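Have the model open and follow along.

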Amino acid sequence: MTSLKPRVVLGVGAGIAAYKVCELLRRLTESGHDVRVVPTAEALRFVGEPTWAALSGHPVSSEVWDGVCEVPHVRLGQEADLVFVAPATADLLAKAAHGLAGDLLTNTLLTARCPVVFAPAMHTEMWEHPATRANVATLRSRGAIVVEPASGRLTGRDTGPGRLPDPAELFEIARRVLAGGGDDLAGRHVVVSAGGTREAIDPVRFLGNRSSGLQGYALARTAAARGARVTLVAANTALPDPAGVTVVRVGSAVEMREAVLDASAGADAVVMAAAVADFRPSGYRASKIKKAEGAEPEPIRLVKNPDILAELGTLRRPGQVIVGFAAETDDVLANGRAKLARKGCDLLVVNQVGENLTFGSPDNEAVVLGADGTSTDVPHGTKEALAGVVWDLVNARLKPDATA
Ligand code: CTP
């Protein structure tokens, strides 16, 4: 009996990042995809055949000589709905660009008529080498999707572009491409804020909050996977830069205001997922505050920070879609509706927060309120899933001719 599940060929190249692809495979199988793993022979030095076979539930081969009666070197590519190669090494990109067919994976790439995605991972020098750039350009000109690698820590001590994006990011790309809506935000520029601002008291202390930045990063990743040009304004996060996203790092609310307003001037949509401190200490003490023997500590006077979301609402250019987040502990919906009206945004994502809710958790649950009176429930799920709903709602509000 043939499977009705979407069929994915997961090609694995010989890079250390192969270990991350186990997680991608798990996400694909758990979400109902039928995955055949085709590693190169060298890739098996990093992660062995039993791991791929156990996680995929199918036999695994690198060679065209196994099971020849079923003609796997042609059949796998012909029957696939998606071929996803991760990590795509410099060697594999070169072979694919030149149409070499020395093993099962390269044969599959030549016989595939479905979308093909390459997720490269290699050292920065190799990624930036003119030979690799030319191979990537060739593959893209033939319609393959070549994902931009993430920037960050590489295998050794060095850092730079060349990291394999996180499995969640790769999964989102695979899901979108399979849904046929891979690039519904292509031609759009979106700005996302993430993290929590820190308001300095003295050189060693600050007022801060518990935001991890996970939701904002999920929004940035998801928009990039859907083809948008993304500027991510990140306050005090410890997360790797999402692939293909321009990251602007800020510390305080005042710095965030400047960066967000600057990036938003020509943007199609702005999503304020950051937890911005409402107040900051009225004066910054240039020296560390010391304990005075026998005296009570001096109170810290606070002054109001600018409300960036409200300002975006008043500055908005025609057609621009503005989205806010509301973190509430009590009367979640009533407070959310009042906030939507007060801040003048198009959409407000309302979620309940507390000691063990939302902050730092990979999951979220929310209601998205629209200025047009709509209300969309997003059941408990990943922050990626919530991000997907937000972009669907934003996309529905963007003017169709804005990218023309
Ligand atoms: N926000 C902002 N600038 C601020 C405070 C908040 O842009 N100074 C944005 C947040 O990024 C979020 C939204 O406003 O998108 C709501 O944040 P929240 O802290 O829930 O709202 P407040 O206006 O601070 O309301 P309150 O604290 O009274 O609930």
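Before we start, one term: two elements are in contact when heavy atoms lie within 4.5 Å. Please also keep in mind that this is a predicted model.

Begin with the sheet. Eight strands make it up, in the order β12-β11-β8-β13-β16-β17-β18-β19, and the sheet is open, with mixed pairing. At its edges stand β12 (246–250) and β19 (375–382); each has a single partner strand, so one side of each is left without a neighbour in the sheet. On average, neighbouring strands are turned by 15 degrees against each other, direction ignored.

Now zoom in on one pair. Strands β8 (residues 189–195) and β13 (residues 269–272) run parallel and are joined by four bridges. If you look for Ser193, its bridge partner in β13 is Met272.

Which strands does helix α10 lie across? Helix α10 (residues 253–264) lies across β8, β11 (229–235), β12 and β13, and runs at about 165 degrees to β8. Helix α12 (residues 332–343) also packs on the sheet, where it touches β16 (321–328), β17 (347–352), β18 (363–370) and β19. The direction of α12 makes about 155 degrees with that of β17.

The buried residues of α10 include Met256, Ala259, Val260 and Ala263. An α-helix has 3.6 residues a turn, so residues three or four places apart point the same way. The buried residues of α10 pack against β8, β9 (199–202), β11, β12, β13 and α11 (308–315).

Notes: Residues are numbered from 1 along each chain as its sequence is written. This is a predicted model: local features need pLDDT of at least 70, side-chain atom pairs count only at pLDDT 80 or more; totals for chains, interfaces and linings use all residues. Side-chain values use heavy atoms; hydrogens and water are left out. Two strands pair if DSSP finds at least two bridges between them. Helices (H or I, at least four residues) and strands (E, at least two) are DSSP runs, numbered from the N terminus. Axes are lines fitted to C-alpha atoms, for helices over the stretch in contact, and angles run from 0 to 180 degrees between N-to-C directions. Buried means under 20% relative accessible area, exposed over 50%, partly exposed in between (1.4 Å probe, protein chains only).
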